[in-house]
Amino acid sequence: MQDTMHATNTTPTTLVSKHTPMADSDQNPLLPPLLDVESEHEYYYPSLDSTIEHCIGDFGWTHIFQATLVSFAWFFDAQQTFISVFTDAEPKWSCTDNNPSCSNNNNNVSTCQLSSDAWSWDFPASTSIISEWSLQCAGSIITGLPASSFLFGCLVGGFALATLADSSLGRKNMLVLSSLVMALTGVLTAASTNIWMYVALRFVSGFGRATVGTCALVLSTELVGKKWREKMGIIGFVCFTLGFLSLPAIAFSLKGYSWRLMYIWTCVPSVFYSLSVFFLIRESPRWLYIKGRKEEFAETLRSIAAPTNRSSLTQSFFGRCTEWGDDQKPEETDIFSAVKILLKRRWSRQRLVAVMVVGFGIGMIYYGMPLGLGNLSFDLYLSVTLNALSEFPASFLTFVLIGKLDRKGSILGLSLLSGICSVGCVVVTWKVTQIALELVSFFSACTAFDVVLIYTLELFPTCVRNSAVSMVRQALVFGGALSPVLVAAGRKNRFLSYGVFGVGVSVCALFVGLLPETRGRVLCDTLEEEERKDAASAFSGAHSV
């Protein structure tokens, strides 16, 4: 059986005789015990995961700095995702004095039904694109187009750029490129002269933003050891919450000023962040190993290794751990190789489709709830702040319980709770109960969003992990891209927004039943290793019955 496992294992290993000088005199104390095989004279070195664990050692300040700085990309991601809640909002208006055709007490009157001299905006017209470009009578399709354009840009960018992080660019370079495109386009958005230029730039910004969260999540978890991998993934979600929460604070401080300043204040810092990642962050050692870049793999592990282990990471140590045979060198493939590999095998194809359907339902309600806050009677700044604050307990709950939660049951339960509360917003008419149900629904969707991304990380091996997470994020974004249309339709019939959100997330969550449970499993590096692990689990399960 051990000979069979070695024959199918594509993770590079080194065969060493027990009687060679290397085995006797150059043994590295960091190298874990060698795995015995049937021959009494031959040993095989452990997997990539074990090697990296022993090199990194305890979680230190270097890991904290590297992983946290990478995770901070989510902060700017959140700002650009939800910035349209304020920049594209319809400002409040009031009737002019002594105008009998207009009454401030009549909430059913629209500005489109009044003459231009019968009313005026409460703040300068430059506070929103609606008032600056006189879009108040343009219809919900036009006014909702920028938000949809951004999310569709994310969708297109995700499919176009998803495999670059796995194939040619790597996690770090892809993160820098995506963040920089998103930030620079945001600065240019502030110079828009009309709605069409604004929509086009929002699309490009979304295109660049598409892989920011994915690369940040994968890179931050691959820079640390197994013990902290799950928790570092949650830190990214906390940064996303901070970015979302910063928007109402920035918008309130700029109340009465031009909407263009919102983009300047959020995008200029993002430019400097992108440059800092380029100069300060190391590439994923896992990705370097899989791509066969042995020297960079060794240098990266030396730079992030624990101080007590660094002196022992000699050239001979890495020579034994990274010595590929000719038949084990990573295969050079085209840019879309990862997606092709995922679709080629039945088990990976089934996992990808099922988790994408689940993500679609979660994305629809996750993005739709904040975008629909302008339809409520509550103050916009307060309602956005409450929604942003609800992400904190969601991220904290996931951070604390991720090691104890079954992935499948958690996603199903949270999605059903979110769906029920969303439908409740249609049935209930009392405002306080309505906002309470909306917050519970959004909280559940946030938690499900966090768990489903961690779940996706565990479902797929290293060689295709970044691409798989990207595809799931695109499913989340695709659900979100439909949300502005549903929100616009929901202004006349609330079931078309909150009702559809609730039914959609509940039905999509049922597909989680097609996926395996991954809690407590060791991450695999190749598809063959994943298949062997699944076969072993099925074998042990059959014998335990």
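Biologist: In which loop is the place of S134?
Modeller: This is a predicted model, and S134 stands out in it for its phi, which is near 55 degrees, a positive value in a residue other than glycine. Most residues other than glycine have a negative phi. As for its place in the chain, S134 belongs to the loop between α7 (129-132) and α8 (140-161).

Biologist: Is S134 buried or exposed?
Modeller: A residue counts as exposed when its relative accessible area is over 50%. The relative accessibility of S134 is 51%, so S134 counts as exposed.

Biologist: How many helices and strands does the secondary structure of the protein come to?
Modeller: The protein has 545 residues, and buried residues make up 53% of them. Among its contacts between residues at least 6 apart in sequence, 82% join residues at least 24 apart. The secondary structure comes to 25 helices and 5 strands.

Biologist: Why is helix α11 (residues 212-222) described as largely enclosed by the rest of the structure?
Modeller: The buried residues in α11 include V212, G213 and T214, and also S220, T221 and E222. Helix α11 is described as largely enclosed because the count of its buried residues is 11 of the 11.

Biologist: At what angle do α19 and α24 pack, and how do they run relative to each other?
Modeller: The axes of α19 and α24 are 7 Å apart, and the angle between them is about 155 degrees. Since angles over 145 degrees count as roughly antiparallel, that angle makes α19 roughly antiparallel to α24. The crossing in which α19 passes α24 is left-handed, and the packing angle asked for is about 155 degrees.

Biologist: Which classes of residue make up the contact of α19 with α24?
Modeller: On the α19 side the contact is made by V357, V358, F360, G361, I362, M364, I365, G368 and M369, and these meet Y498, V500, F501, G504, V505, C508 and A509 in α24. By class, the contact of α19 with α24 has no charged residues, 3 polar and 13 nonpolar.

Biologist: Where does V503 lie, and how far apart in space are V503 and L416?
Modeller: V503 lies in helix α24 (residues 498-509), and with a relative accessibility of 44% V503 counts as partly exposed. Although V503 and L416 are 87 residues apart in sequence, their C-alpha atoms are separated in space by 8.9 Å.

Biologist: What is the handedness of the crossing of α19 and α21?
Modeller: The axes of helix α19 (residues 346-371) and helix α21 (residues 407-427) come within 11 Å and cross at roughly 40 degrees, and the two helices are therefore oblique to each other. In this contact V358, I362, I365 and M369 of α19 meet I411, S415, S418 and S422 of α21, which by class gives 5 nonpolar, 3 polar and no charged residues. The crossing of α19 and α21 is left-handed.

Biologist: How many of the residues in the contact of α20 with α22 are charged?
Modeller: The axes of helix α20 (residues 380-401) and helix α22 (residues 431-459) come within 8 Å and cross at roughly 45 degrees, which makes α20 oblique to α22, and this crossing is right-handed. Among the residues that make the contact are L386, N387, S390 and E391 of α20 and E438, L439, F442 and D450 of α22. The residues of the contact of α20 with α22 divide into 9 nonpolar, 5 polar and, in answer to the question, 3 charged.

Biologist: Which backbone oxygen does the side chain of T447 reach?
Modeller: T447 lies in helix α22 and is buried, with a relative accessible area of 2%. Leaving aside its neighbours within four places in sequence, T447 is in contact with A394, L397, T398 and L414. At 3.0 Å, the side chain of T447 reaches the backbone oxygen of F443.

Biologist: What distance separates the C-alpha atoms of I402 and V451?
Modeller: I402 has its place in the loop between α20 and α21, and I402 is buried, with a relative accessible area of 0%. I402 and V451 are 49 residues apart along the chain, and the distance between their C-alpha atoms is 7.7 Å.

How values were computed: Residues are numbered from 1 along each chain as its sequence is written. This is a predicted model: local features need pLDDT of at least 70, side-chain atom pairs count only at pLDDT 80 or more; totals for chains, interfaces and linings use all residues. Side-chain values use heavy atoms; hydrogens and water are left out. Axes are lines fitted to C-alpha atoms, for helices over the stretch in contact, and angles run from 0 to 180 degrees between N-to-C directions. Helices (H or I, at least four residues) and strands (E, at least two) are DSSP runs, numbered from the N terminus. Angles under 35 degrees count as roughly parallel, over 145 as roughly antiparallel, 65 to 115 as roughly perpendicular and the rest as oblique. A crossing is left-handed if the near helix is turned anticlockwise from the far one by less than a right angle, and right-handed if clockwise. Contact means heavy atoms within 4.5 Å. Ala, Val, Leu, Ile, Met, Phe, Trp, Tyr, Cys and Pro count as nonpolar, Asp, Glu, Lys and Arg as charged, and the others, Gly among them, as polar. Buried means under 20% relative accessible area, exposed over 50%, partly exposed in between (1.4 Å probe, protein chains only). A polar contact is a pair of N or O atoms within 3.5 Å; within protein, one must be able to donate a hydrogen and the other to accept it, and residues adjacent in sequence count only if both atoms are side-chain atoms.
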